[in-house]
Structure formats: C-alpha cells, structure tokens
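The following note sets out points on the structure shown below. They are numbered so that each may be taken up separately.

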Amino acid sequence: MIELTELERVRLEKLNRLREEGMEPYPRQANRTHTTQEAILAFKSKAEGEPVEATVVGRLRSIRKMGKTTFTHIEDGFGRLQLYLRLDDLGDEWMALFNEIFDLGDFVQAQGTMFRTRTGEVTLHVADILMLAKALTPLPASKEEVVDEKRVVYSAFADPEARYRQRYADLAVNPEVRDIFRTRTKIVRALQRFLDDRGFIEVETPILQPIYGGAAARPFTTHHNQLHQDLFLRISFELYLKRLLVGGFERVYEIGRDFRNEGVSFKHNTEFTMLEFYMAYADYRDVMTLTEQMVAYVADQVLGSTTIQYNGHTIDLSPPWKRLQLREALVDKTKIDIAKYPTADSLRQEMVAQGHEPSEQSTRGKLIESLLDHYLEPDLIQPTFIYDYPRDISPLAKSVPGDPHTVERFEVFVGGMELCNAFTELNDPLDQEQRFQEMGHDYAVDDKERHPVDEDYLRALLYGMPPNGGFGMGVDRLIMLLTDQASIREVILFPHLRSKD
RNA sequence: GGCCCGCUAGCUCAAUUGGCAGAGCAACUGACUCUUAAUCAGUAGGUUAAAGGUUCGAUUCCUUUGCGGGUCACCA
C-alpha cells in the first residue's frame with residue numbers, strides 16, 4: 001500500500017464518510033448534457049431570463065465558501081465554469097456534505113440552471129451535485145486571478161523534476177502545458193497534411209531492426225527470445241524508406257520515434273520524434289524549396305503567422321530562406337577555406353595556426369563539423385540552409401560533381417539549433433558499398449565496435465533506386481520553435497529521467 | 001563522463017557570521033447567503049534529499065551518495 005501523507009489521510013476519511021452516507025466516491029457513469037463551454041454558450045445564445053438547464057462535469061479547481069453559499073469553479077476538457085451553491089436550494093444536509101467532503105481536485109457532476117452573477121460571470125446555479133471521483137492527493141497548490149483577460153498564477157507548480165516525473169499533475173494544474181501538447185498535435189497534423197497534399201504517402205517501417213543505420217549514433221540493443229536474435233531500436237528510418245523507392249513508391253514519409261543511446265540535453269532526448277521523407281526525381285535543391293514551404297505552412301496553419309518568437313528572438317519563417325554554402329560560411333566566420341585543406345592533417349594544422357584547438361583523432365569531416373557547431377550554429381537564428389558537406393561524414397549522400405570531398409547535403413538551422421538534415425541520396429550501389437567500407441563498416445557482424453554493413457540495403461540498390469532527395473527533421477525541435485520552449489523536455493509528454501531509486 | 005548550481009511543510013519560497021526552522025497558499029476549527037488570489041479569527045503540519053565528519057551547537061562548513069538544472073565533452 002502506498003504510504004499516505006497527513007493531507008491524504010484527511011481525504012481518505014472524507015471518502016469513507018461518503019461511503020457511510022451511502023454515496024459511491026467512484027461511480028461508474030457520468031451524465032453530462034453540456035461541456036462547460038457549451039453551457040456558457042447556450043446561456044449566452046438565449047434571451048436573458050429564459051432558463052437554460054445543464055448538467056456539467058469537471059474537476060473542482062477553486063472553492064470559496066461563504067457560510068450559507070459557496071462558489072466554486074470546475075474545469076473540464078474545454079474550459080471552466082463557476083458553480084453557485086446555496087443552502088436554500090440544497091438543504092442543510094447537502095450543503096454540509098459538500099462543504100465538508102468535497103475538495104479541490106475532486107471530479108464532480110453538477111446539475112442546475114444557468115444565470116449571470118452580479119459581477120457578470122455566467123454561472124451554474126446548482127440544484128444537485130455529486131461526486132464522480134474523489135481525489136485523495138491534493139493537486140499542487142496554485143492560485144490564480146484574471147487581470148485584463150490574462151491569467152496570473154501564484155505559486156505555480158514549477159519544479160521541473162516534479163513536473164516531468166508527475167506530468168499528470170503538471171498538466172492538471174498548468175493549462176499552458178496542456179496547450180503546448182495540443183499545439184504539438186496540430187503541428188504533426190499540419191506536417192502530414194502538407195505532405196499528403198503533395199502526393200506523399202505515410203508509411204510505417206520497423207522500429208526493431210536487425211541492423212541499425214542511417215545516422216551516426218549508438219543504438220539500444222534488445223533480444224528476441226524465440227528467434228534467438230539480437231535486435232536494435234532504430235536510430236533512423238532512412239534505409240527502410242529508401243527501400244520503398246526501389247519498390248516503386250515515388251514519395252514516402254514517416255513520422256515516428258527514433259532511439260539514440262547518447263547524452264541528453266536541452267535539445268536531445270533519448271527517444272525523439274523524427275520526420276523523414278524521400279522524393280524521387282528530386283535533388284537537395286528541390287528539397288530545400290519544399291522544406292521552407294513546409295515549415296512556413298505549418299507555422300501559418302498552427303499559429304496563423306510565419307513570424308515566431310523564440311528565446312527572445314523574432315524569427316521570420318517565410319520563404320525563401322537564406323542559403324549559405326558551408327565552405328563560404330566558414331571562410332566568412334573563421335577565415336579558414338576548407339577547400340584549400342583536403343586532408344585532416346592539413347586542416348588541423350591550419351586550425352591550430354588560427355588559434356583553434358582541434359581534437360587529435362578527428363577526421364577532416366569531423367573537424368569541419370566542429371567548426372560549424374562552434375562558429376556558425378549559435379548565430380544562425382533566422383532559418384538558414386547550410387549546404388555542401390564533407391563527404392566523409394555523409395556516407396549516404398551523393399557527391400557534388402567534380403568535387404570528390406564534398407556531397408550534396410544541407411542542414412537547416414533556426415534559433416541557433418539544427419532542425420533538418422537532407423541530401424541528394426546516393427543511389428549508386430557500388431559507390432555506396434565503398435562508402436560503407438570507408439566509414440569503418442564491416443561485413444563481420446559479430447565485431448561490436450564496427451557498424452555492420454546492411455547488405456540487404458545494398459541488394460536493394462542493385463535493383464536500381466531512382467535519383468531522389470531525402471530529408472530528416474527533428475519534430476520535437478520544430479515544436480520547441482513554434483511553442484517558444486527552451487527545452488525539449490517541455491514538448492515531450494514524458495521525457496526520459498533517471499530512476500529515483 | 002568533467003565542471004558549476006540546486007534539493008527546507010502538499011505547493012511556492014525565507015532563515016544574518018554556525019546560535020530556538022519561518023511565511024503565503026493548501027489542510028483543519030470557527031464566523032460569513034453574489035464570491036472570484038473571497039475575507040476575518042484560530043490550530044496543526046519538518047529526520048532541512050540520504051549517510052558520515054568538524055563543532056558546545058550544522059539548513060548553514062567538509063566528505064560521499066542520490067536526483068534535478070545548466071554547461072562542456074561524446075554523438076561513423
């Protein structure tokens with residue numbers, strides 16, 4: 001049995017008293033005629049004086065006892081409604097029962113007539129009220145008032161750890177948190193609508209994969225008992241979605257969960273939502289155009305504007321977005337022209353000469369990526385395409401014609417954060433096999449240190465894959481941007497936390 | 001994983017140089033028949049995250065551990 005606090009024991013006694021009075025604290029049915037909003041609208045749409053009867057349900061969020069009358073607010077999934085209880089209407093016994101047994105947080109059902117109070121608030125004059133579900137644990141206390149139509153909250157439930165661990169309580173007392181997740185759903189729907197309208201079909205590919213790939217990350221490992229097979233939780237959908245292009249689908253996308261066994265931060269959660277799409281007969285420039293249209297469309301559909309506020313910045317998402325070649329952007333910012341340094345050693349020497357401290361083991365591509373991360377990313381507030389990336393960190397992207405070190409790849413940065421990653425997909429099976437080898441992949445699957453080659457993916461390419469542009473986006477990060485949240489944990493309902501014990 | 005910061009009543013927060021652990025809300029008792037952060041009077045509520053150390057005395061100083069936040073690193 002859960003150990004109860006003193007406050008909870010008080011409520012448990014009330015629950016027992018309710019049963020003694022012959023009332024079930026957890027009845028199996030409610031009988032609602034109006035939501036809170038419907039009741040208010042029904043009253044407002046009738047001529048003043050014409051009676052509107054309603055039975056509403058919801059959770060008690062405020063109680064103001066005044067002796068022989070009591071005012072409370074209930075909250076349902078649509079809004080709030082004030083209830084007015086009077087001794088004259090309910091009688092001594094019921095009035096006492098309500099005052100003594102009903103607490104903040106309880107779910108109730110109230111039946112009565114709508115009216116307007118002297119202060120103008122549309123209110124239910126209660127004839128009958130009953131318990132729908134007794135709350136034994138009090139909700140985290142907070143008080144609020146409405147000043148100039150705005151909700152002002154006092155002593156809000158704010159401790160991030162408690163809020164994430166008990167998200168149910170967070171949602172119950174912080175309506176703006178509920179709003180974030182309503183917006184989240186709208187954003188995902190808008191992404192789907194945008195792609196659906198352009199002939200993409202949404203598909204579902206395996207989460208449990210015998211070989212993981214498509215991204216640079218360590219996977220979670222699991223095991224299928226009957227098949228005696230190790231499996232990995234996917235780190236990307238890429239290799240499966242591109243198999244579908246081999247199969248004849250021209251435009252596919254998937255929105256789903258990826259799992260990466262890496263560090264967590266304000267923009268990384270161990271499991272996160274990814275959107276990937278693949279578009280036959282398109283290249284990365286076509287994908288850039290589609291990307292800026294898609295993000296602007298979603299912002300407009302969800303927020304009614306393509307201008308957003310994020311982290312104190314005003315960000316304009318309307319197309320076209322700035323397009324900067326990675327090499328030029330780096331020359332501009334660091335005075336280092338990566339084209340002049342085709343090897344890791346020469347580039348590292350130049351970085352040292354310019355006062356940087358590159359790590360010793362890095363490949364050329366990783367050195368360039370570190371320059372990007374440190375000198376470009378933090379300042380890229382307005383949406384920007386950075387394009388043409390080092391080949392050695394982009395094993396699935398097609399080379400830029402005439403430039404063996406560079407591939408047709410772009411990333412999008414907004415608000416100082418990477419949002420998207422896309423490229424002209426490599427569809428040459430022999431080149432692809434060579435890239436896998438260069439990346440340190442190996443045909444020996446039992447070597448834990450090396451990523452095994454996905455031979456089946458190569459087999460698919462041998463059948464022929466149409467030229468295509470592919471795209472990946474961190475959906476949680478898009479939601480951060482559109483809801484102005486500084487942490488990914490604020491846009492994921494149940495972010496991963498370490499266990500308490 | 002490194003470094004920095006935090007953890008005090010159900011919630012939000014105080015506590016002087018190391019000197020009796022406090023407030024508001026919530027709870028409980030009472031008053032109050034149009035209130036809305038209702039108001040007024042009173043009561044109760046604590047292993048100060050945990051363990052250890054220094055000290056006459058530790059919420060405060062030190063060590064270790066746990067959890068969280070930030071930051072850096074890692075992230076073919």
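1. Domain layout. The domain assignment of chain A gives two entries: domain 1 covers residues 6-138, while domain 2 is made of residues 177-321 together with 382-490. Between the C-alpha centres of domain 1 and domain 2 there is a distance of 49 Å.

2. Confidence. The model is predicted. Chain A has a mean pLDDT of 92, and 97% of its residues reach 70 or more. For the complex, the predictor reports an ipTM of 0.91 and a pTM of 0.94. Among the elements of chain A, the lowest mean pLDDT, 81, belongs to strand S7 (residues 150-154), and the highest, 98, to helix H8 (residues 284-303). Where pLDDT is low, the predicted coordinates should not be read in detail.

3. The barrel. Five strands form a closed barrel in the order S1-S2-S3-S5-S4, and the pairing is mixed. On average, neighbouring strands of this sheet are turned by 55 degrees against each other, direction ignored. Helix H2 (residues 36-45) lies across S1, S2, S3, S4 and S5, and this helix runs at about 70 degrees to S3.

4. The parallel sense is found between S3 and strand S5 (residues 122-133), over 3 bridges, with Leu 83 partnered by Leu 124 in S5. Strand S4 (residues 107-116) pairs with S5 in the antiparallel sense over 10 bridges, and Gln 111 stands opposite Asp 128 of S5. The hairpin of S4 and S5 has 5 residues between the strands; in this hairpin, Gly 120 takes a positive phi near 100 degrees.

5. The three-stranded sheet. An open sheet of 3 strands has the order S9-S11-S10, with antiparallel pairing. Strand S9 (208-209) and strand S10 (221-224) each have a single partner strand and stand at the edges, so one side of each is left without a neighbour in the sheet. S10 and strand S11 (residues 229-233) are paired over 4 bridges in the antiparallel sense. Thr 222 has Leu 231 of S11 as its bridge partner.

6. Backbone geometry to note. Most residues other than glycine have a negative phi, and most peptide bonds are trans. Tyr 281 is a residue other than glycine with a positive phi, near 65 degrees; its place is in the loop between strand S13 (271-280) and H8. The peptide bond from Pro 319 to Pro 320 is cis, with omega near -5 degrees. Pro 320 is found in the loop that lies between strand S15 (313-316) and strand S16 (322-325).

Note on methods. Residues numbered from 1 in each chain as written. Chains lettered and ligands numbered in written order. Predicted model: local features only at pLDDT ≥ 70, side-chain atom pairs only at ≥ 80, totals over all residues. Domains from an automatic or database assignment. Pairing = 2+ DSSP bridges. Helix = DSSP H or I, 4+ residues; strand = E, 2+ residues; numbered from the N terminus. Axes fitted to C-alpha atoms, helices over the stretch in contact; angles between N-to-C directions. Contact = placed C-beta atoms within 7 Å. pLDDT = per-residue confidence, 0-100.
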